[in-house]
Amino acid sequence: MGTPLWNRKHLLGMADMSREEIQSILDAAASLREVNRREIKKVPTLRGKTIINLFFENSTRTRTSFELAGKRMSADVINMSAASSSVKKGETLIDTLATLQAMNPDVVVIRHPDSGAQELLARHLDASLVNAGDGRHEHPTQALLDLLTIHDHLPLLERDSFEGLVVAVCGDSLHSRVARSIALALRTMGGEVRFIGPPGLIPPKAEEAFGTRVFHSMEEGLKGAHVVMMLRLQLERMNVGFIPSVREYFAFWGLTRARLACAEPGAFVMHPGPINRGVEISSEVADDKERSVILEQVANGLAVRMAVLYRLCGMGGGR
Ligand code: CP
């Protein structure tokens, strides 16, 4: 697996990750995913290490895959949710973290609804911290699994790198940490990112902040796209009505076969999940095994989270 550069204690976001660091995770993930295809899906790599997953927001994919990632590498894994923690009894987040720190974990994985929460928490932790999503700010392991999935499909697009690849990120990028993290990651890797959506659902100054081009028409923005990444409407982060109705939203912004035909021939469809059928994506596209790689993203999520835990625990050129 080589010993590429990896001196990072925490994984908080894609904003300051170098191309070499990103590549080192992708290489480790590509190698580790073989474990997930074995009959006995377990290796002793992280035996004796302790991982705590602390989720203050709902999750299916991220939480399950971090748990499995740790267990498949033989770490001791503890899962905690906000609902069952003493935060509900008035304990502060920092006191909760100090309590967990006293048990000497190696990695703490945290999802929190406040943007920037993990950056603050990392200052109070001796263990490594992984940001599993902070508000609308960043979701770095999602970006890494997206990159791995795109990388797997580069040969089908007759490409050998991310350079010049056009990725259309469609829908509610304003409230999406996934959109921010993949835009920052692809900028580092040399790809072109477009944000497509209604003006009210695009982050202000997106061009400057994320190096993206902005389009307010699916048909226009999809022209020349190699990858079409659909986003869920993040209704839980909207405090006013951003769309007139779901039916109207789908009519203008939903991904149908006809709209997908505006992208490059062979363009494939991604979605971080959970998908909302008939809102941002039609079932005919989501379930099209020739074009949709949504479940490959989930499988790659497990491999990427194994790679992240592996690197943060000091394996393969780590601290
Ligand atoms: N993509 C993603 O973060 O999904 P979950 O909310 O299910 O973890």
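This is a predicted model: local features need pLDDT of at least 70, side-chain atom pairs count only at pLDDT 80 or more; totals for chains, interfaces and linings use all residues.
At what angle do the axes of helix H1 and helix H12 cross?

The axes of helix H1 (residues 19-32) and helix H12 (residues 294-312) cross at roughly 115°, and they come within 8 Å. As for handedness, H1 passes H12 in a right-handed crossing.

So who touches whom? On the H1 side, the residues in contact are Ser24, Ile25, Ala28, Ala29 and Leu32. They meet Ala303, Val304, Met306, Ala307, Val308, Tyr310 and Arg311 in H12. Sorted by class, this contact has 10 nonpolar residues, one polar and one charged.

## The largest pocket

H12 turns up again here. The largest pocket holds about 440 Å³ of space. It is lined by 25 residues, and the closest to its centre are Val293, Ile294, Leu295, Glu296 and Val298.

Which elements give two or more residues to this lining? They are helix H2 (61-72), helix H5 (140-153) and H12. H12 gives the most, with seven residues. The lining as a whole divides into 11 nonpolar, seven polar and seven charged residues.

## Two residues with a positive phi

Most residues other than glycine have a negative phi. With that in mind, have a look at asparagine 104, which has a positive phi of about 60° although it is not a glycine. You'll find asparagine 104 in the loop between helix H3 (93-101) and strand E3 (107-112). Is asparagine 104 buried or exposed? Its relative accessible area is 58%, and exposed means over 50%, so asparagine 104 is exposed.

Lysine 205 also goes against the general rule: it isn't a glycine, yet its phi is positive, at about 55°. Lysine 205 sits in the loop between strand E6 (192-196) and helix H7 (206-210). With a relative accessibility of 59%, lysine 205 counts as exposed.

## A cis peptide bond

Most peptide bonds are trans. Now follow the chain to glycine 273 and proline 274: the peptide bond from the glycine to the proline is cis, with omega near -5°. Where is proline 274? Look in the loop between strand E9 (268-270) and helix H11 (283-286).

Key
Residues are numbered from 1 along each chain as its sequence is written. Side-chain values use heavy atoms; hydrogens and water are left out. Axes are lines fitted to C-alpha atoms, for helices over the stretch in contact, and angles run from 0 to 180 degrees between N-to-C directions. Helices (H or I, at least four residues) and strands (E, at least two) are DSSP runs, numbered from the N terminus. A crossing is left-handed if the near helix is turned anticlockwise from the far one by less than a right angle, and right-handed if clockwise. Contact means heavy atoms within 4.5 Å. Ala, Val, Leu, Ile, Met, Phe, Trp, Tyr, Cys and Pro count as nonpolar, Asp, Glu, Lys and Arg as charged, and the others, Gly among them, as polar. Buried means under 20% relative accessible area, exposed over 50%, partly exposed in between (1.4 Å probe, protein chains only). On a 1 Å grid over the protein atoms alone, a cavity is a set of points where a 1.4 Å probe fits but cannot get out, and a pocket is an open set with protein on both sides within 12 Å along at least five of seven lines; lining residues have an atom within 4 Å of a point. Grid points are joined across faces, edges and corners, and a volume is the space filled by probe spheres set on the points.
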